[in-house]
Amino acid sequence: MMGKPAKMGIILAMVVSSLGAAGAPRGGSEASKIAALIDGIRGMKGARFIRNGREYPPGEAADHLAMKCRKAGDRVKTARQFIEFVASRSYLSGEEYLIRLPGGKVVPSRDVLEKMLREIESRGAGPPRG
């Protein structure tokens, strides 16, 4: 039986490989940025992700976004498309995704992810720092 970290590694590998096959720029830089964004969400200790009125821990939110990205296939080729079409709102309800930060403030996931992306791009496609 496979543990959660191993399953997530497989899911992220599938996301990255599907993006590479979908025409991401050479070197996988966009796929790497998307993987870093998903890792960034997973690492948001104390945050709660609000999707369709329900709150989820960071790991479940990251799993959900990775699944949505995988299902989007070649419709998502860039990190900005990932934020816009996958990670900002519910495909089914159209409701905006929100994040309750550890201090209690609620912000749109788009704002958090755009900030993460700026940080990722400013230093390369590694996961966001603490």
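**View 1. Helix H2 passes helix H5 in a right-handed crossing**. Right-handed means that the near helix is turned clockwise from the far one by less than a right angle. The model is predicted; local features need pLDDT of at least 70, side-chain atom pairs count only at pLDDT 80 or more, and totals for chains, interfaces and linings use all residues. Residues are numbered from 1 along each chain as its sequence is written, and side-chain values use heavy atoms, without hydrogens and water. H2 spans residues 29-42 and H5 residues 109-123; their axes lie 10 Å apart, at an angle of about 125°. Axes are lines fitted to C-alpha atoms over the stretch in contact, and angles run from 0 to 180 degrees between N-to-C directions. H2 contributes Lys33, Ala36, Leu37, Gly40 and Ile41 to the contact (heavy atoms within 4.5 Å). H5 contributes Leu113, Met116, Leu117, Ile120 and Glu121.

**View 2. The largest nonpolar core has 28 residues**. Such a core joins buried Ala, Val, Leu, Ile, Met, Phe, Trp, Tyr and Cys residues (under 20% relative accessible area) through side-chain atoms within 4.5 Å. Leu37, Ile41, Met44, Phe82 and Ile99 have the most contacts inside it. H2, H3 (58-72), H4 and H5 each supply at least two residues of this core. H3 gives the most, with six.

**View 3. Ile41 and its contacts**. Ile41 touches Phe49, Pro58, Ala61, Ala62, Leu65, Ile99, Leu113 and Met116, leaving out residues up to four places away in sequence.

**View 4. Glu95 lies in the loop between H4 (79-86) and strand E3 (98-100)**. Beyond neighbours within four places in sequence, Glu95 contacts Asn52, Gly53, Ser88, Arg89 and Ser90. Helices (H or I, at least four residues) and strands (E, at least two) are DSSP runs, numbered from the N terminus.

Note on methods:
Buried < 20%, exposed > 50% of the residue type's maximum accessible area, 1.4 Å probe, protein only.
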